[in-house]
Amino acid sequence: KGPWLTKSPRDPMPAPGTELKRWPLFILSSVIGCVMAFGIGGNDSANSWGTSVGSGAISLRTACLLGGVCEFLGATFLGAGVSKTIQKGV
């Protein structure tokens with residue numbers, strides 16, 4: 001039984017102070033998730049924006065900003081489907 005599971009299953013209200021014990025775990029997992037999304041999406045983003053930058057249609061800075069925002073949004077909103085597929089086995 002970990003320190004974040006101090007609530008009894010029969011008790012409908014959390015024990016006083018347990019909310020604060022969960023925040024460090026939540027923050028750490030959020031940071032790790034963002035770093036993973038950035039790292040995984042960076043490879044795909046380079047492939048998709050490379051032609052636009054190479055042809056001069058958009059600047060490198062604009063491509064980096066648009067690619068970063070789009071990769072973050074895609075990982076945030078569509079990542080659950082990928083997780084389900086990986087859980088079933090690839």
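The largest pocket in this predicted model has a volume of about 410 Å³. Its lining consists of 14 residues. Those nearest the centre of the pocket are Met-36, Ala-37, Ile-40, Ala-75 and Gly-79. Sorted by class, the lining comprises 7 nonpolar, 5 polar and 2 charged residues. Which helices supply the lining of the largest pocket? Helix 1 and helix 2, the latter spanning residues 60-88, each contribute at least two residues to it.

The secondary structure amounts to 2 helices and 0 strands. The chain has 90 residues, and 8% of them count as buried. Its accessible surface is about 7400 Å². Carbon and sulfur atoms account for 70% of that surface.

I turn next to the nonpolar surface. Trp-23, Phe-26, Ile-27, Val-31 and Val-35 together make a nonpolar surface patch of about 530 Å². One of these residues, Ile-27, sits in helix 1, which covers residues 18-54. Is Ile-27 buried, exposed or partly exposed? Ile-27 is partly exposed, because its relative accessible area is 48%, and the exposed class requires over 50%.

I begin with Ser-52, which belongs to helix 1. Its relative accessibility of 25% is why Ser-52 is classed as partly exposed. Ser-52 and Ala-63 stand 11 residues apart along the chain, and their C-alpha atoms are separated by 8.1 Å.

Cys-64 is located in helix 2. With a relative accessibility of 53%, Cys-64 counts as exposed, because the cut-off for that class is over 50%. Between Cys-64 and Ala-46 there are 18 residues of sequence separation, and the C-alpha to C-alpha distance is 8.7 Å.

Gly-67 is likewise part of helix 2. Is Gly-67 buried or exposed? Gly-67 is buried, since its relative accessible area is 3% and the buried class lies under 20%. In sequence, Gly-67 and Ala-46 are 21 residues apart; in space, C-alpha to C-alpha, they are 8.1 Å apart.

In helix 1, Ile-27 and Ser-52 have been described, and they are partly exposed at 48% and 25% respectively. In helix 2, Cys-64 is exposed, whereas Gly-67 is buried.

Technical notes:
Residues numbered from 1 in each chain as written. Predicted model: local features only at pLDDT ≥ 70, side-chain atom pairs only at ≥ 80, totals over all residues. Heavy atoms only, no water. Helix = DSSP H or I, 4+ residues; strand = E, 2+ residues; numbered from the N terminus. Buried < 20%, exposed > 50% of the residue type's maximum accessible area, 1.4 Å probe, protein only. Areas by Shrake-Rupley, 256 points an atom, 1.4 Å probe, with all protein chains shown as cover. Patch = residues over 30% accessible without salt bridge, like charges linked within 9 Å, V, L, I, M, F, W, Y side chains within 5 Å. Salt bridge = Lys/Arg side-chain N within 4 Å of Asp/Glu carboxyl O. 1 Å grid on protein atoms, 1.4 Å probe; cavity = no way out; pocket = protein on both sides within 12 Å on 5 of 7 lines; lining within 4 Å. Points joined across faces, edges and corners; volume = space filled by probe spheres on them. Nonpolar A, V, L, I, M, F, W, Y, C, P; charged D, E, K, R; others polar.
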